[in-house]
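Please keep both in view while reading.

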2 protein chains.
Amino acid sequence: MLSTFQINYRSDEPIYQQIYNEVLMEISLGLLLPQEKLATVRELAMTLGINPNTVSKAYQLLEQNGYIYSAVGKGSFVADCSEQLAGLKERTLRHLDKDLRTARDLGVPAEDVRSLVDAAYNEGGKSNA
Amino acid sequence: MLSTFQINYRSDEPIYQQIYNEVLMEISLGLLLPQEKLATVRELAMTLGINPNTVSKAYQLLEQNGYIYSAVGKGSFVADCSEQLAGLKERTLRHLDKDLRTARDLGVPAEDVRSLVDAAYNEGGKSNA
DNA sequence: TAAATTGTACTAATTGATATAATACAATCA
DNA sequence: TGATTGTATTATATCAATTAGTACAATTTA
């Protein structure tokens with residue numbers, strides 16, 4: 001199960017995207033393991049106080065990208081998605097590269113950026129170092 | 001003047017936002033200096049082949065944020081915006097910080113990230129190191 | 001077998017952002 | 001005076017996001 005989080009209605013990020021990212025992050029962090037059952041569409045919709053269609057949209061995107069699989073009457077489950085996660089890391093690196101060059105073009109000093117990197121990787125994140 | 005660039009219609013980034021970012025980057029890089037005249041709303045609209053309202057929206061946003069100033073009958077000009085640029089750098093750092101922690105949570109190795117930083121700052125960008 | 005659960009599909013409707021189009025106005029410049 | 005310029009307005013069109021309601025088929029549960 002899991003997926004106990006809050007929706008940010010002030011964010012410009014669509015609700016279905018927030019759900020997508022949250023579930024994906026929980027899988028990536030190992031908080032959700034392969035074959036583990038996710039909250040049902042209606043459950044999560046009730047918990048978050050939103051429309052089941054919105055949850056369904058997030059789940060369908062996750063399934064399209066190979067992170068979960070679903071079956072009518074059964075529910076949705078975490079897939080074996082190590083390869084997909086590897087691809088995600090690559091795309092994340094490309095995204096980071098773009099942002100780094102933007103920061104550089106704006107005149108952000110390299111030392112400031114390196115300090116950020118050190119901080120992010122020393123403070124340690126949500127475990128699983 | 002300046003602002004000779006191409007609009008990316010395939011991008012999910014709105015046109016007015018692309019104009020905003022382009023002008024802001026040219027100011028940040030010193031390609032446009034304080035008190036320098038920008039292309040007029042109609043000029044830039046003609047050059048880019050878009051509606052003047054779209055250019056106007058970008059310019060109005062730039063003015064609201066203190067990067068340029070406009071006057072009817074005169075035109076639009078680069079403002080003294082060193083403080084605004086300093087604030088922009090801070091926000092860029094915060095944005096970068098968020099992305100770095102996301103990458104970390106996804107399991108991207110620190111060394112991979114540090115390589116990106118080195119590459120971005122060694123290859124050198126659009127001059128003004 | 002019957003009833004409840006579940007993912008999915010579909011239509012309709014609303015809202016907001018984006019963009020174009022066509023004017024119009026007031027201030028400025030030549 | 002006449003052209004230029006930023007700005008404002010109104011109307012229109014498109015698209016994404018979301019809600020709402022309903023329904024269906026497969027599965028599980030009792």
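The text covers conventions, the overall build, the relation of the chains, a hairpin, a pocket and several residues.

**Conventions**

The model is a predicted one, in which local features need pLDDT of at least 70, side-chain atom pairs count only at pLDDT 80 or more, and totals for chains, interfaces and linings use all residues. Residues are numbered from 1 along each chain as its sequence is written, chains are lettered from A and ligands numbered from 1 in the order in which they are written, and side-chain values use heavy atoms, with hydrogens and water left out.

**Overall build of chain A**

Chain A contains 5 helices and 2 strands. These elements are DSSP runs numbered from the N terminus, with helices (H or I) of at least four residues and strands (E) of at least two. Their order along the sequence of chain A is α-α-α-β-β-α-α. Along the principal axes, the C-alpha atoms of chain A occupy a box of roughly 55 × 30 × 25 Å. Of the 129 residues in chain A, 40% are buried. Here buried stands for under 20% relative accessible area, exposed for over 50%, and partly exposed for values in between, computed with a 1.4 Å probe on protein chains only. Among the contacts in chain A with a separation of 6 or more, 55% join residues 24 or more positions apart; a contact requires heavy atoms within 4.5 Å.

**Relation of the two chains**

**The hairpin of chain B**

Strands E1 (residues 68-71) and E2 (residues 75-78) of chain B pair in the antiparallel sense over 4 bridges; pairing requires that DSSP finds at least two bridges between the strands. Ala71(B) has Gly75(B) in E2(B) as its bridge partner. The hairpin has 3 residues between the strands, and Gly73(B) takes a positive phi near 85 degrees there.

**The second largest pocket**

The volume of the second largest pocket is about 250 Å³. On a 1 Å grid over the protein atoms alone, a pocket is an open set of points with protein on both sides within 12 Å along at least five of seven lines, whereas a cavity is a set where a 1.4 Å probe fits but cannot get out; lining residues have an atom within 4 Å of a point. Grid points are joined across faces, edges and corners, and the volume is the space filled by probe spheres set on the points.

The lining of this pocket comprises 15 residues, and those nearest its centre are Val41(A), Ser70(A), Ala71(A), Gly75(A) and Ser76(A). Two or more lining residues come from each of helix H2 (41-48), helix H3 (52-64), strand E1 (68-71) and strand E2 (75-78) of chain A. H3(A) gives the largest share, 4 residues. By class, 4 lining residues are nonpolar, 7 polar and 4 charged. In this scheme Ala, Val, Leu, Ile, Met, Phe, Trp, Tyr, Cys and Pro count as nonpolar, Asp, Glu, Lys and Arg as charged, and the others, Gly among them, as polar.

**Individual residues**

The table lists the accessibility of selected residues.

| Residue | Relative accessibility | Class |
|---|---|---|
| Gln6(A) | 71% | exposed |
| Gln18(A) | 9% | buried |
| Gln35(A) | 43% | partly exposed |
| Gln35(B) | 43% | partly exposed |
| Leu61(B) | 25% | partly exposed |

Gln6(A) belongs to the segment before helix H1 (15-28) of chain A. Gln18(A) lies in helix H1 of chain A. Beyond residues up to four places away in sequence, Gln18(A) touches Phe5(A), Gln6(A), Ile7(A), Asn8(A), Ser11(A) and Glu13(A).

Gln35(A) sits in the loop between H1 and H2 of chain A. Although not a glycine, Gln35(A) has a positive phi, near 75 degrees. In chain B, Gln35(B) is found in the loop between helix H1 (15-28) and helix H2 (41-48), and its phi is positive at about 75 degrees.

Leu61(B) is part of helix H3 (residues 52-64) of chain B. Apart from neighbours within four places in sequence, Leu61(B) is in contact with Tyr16(B) and Tyr20(B). The C-alpha atoms of Leu61(B) and Ser28(B) are 16 Å apart, and the two residues are 33 residues apart along the chain.
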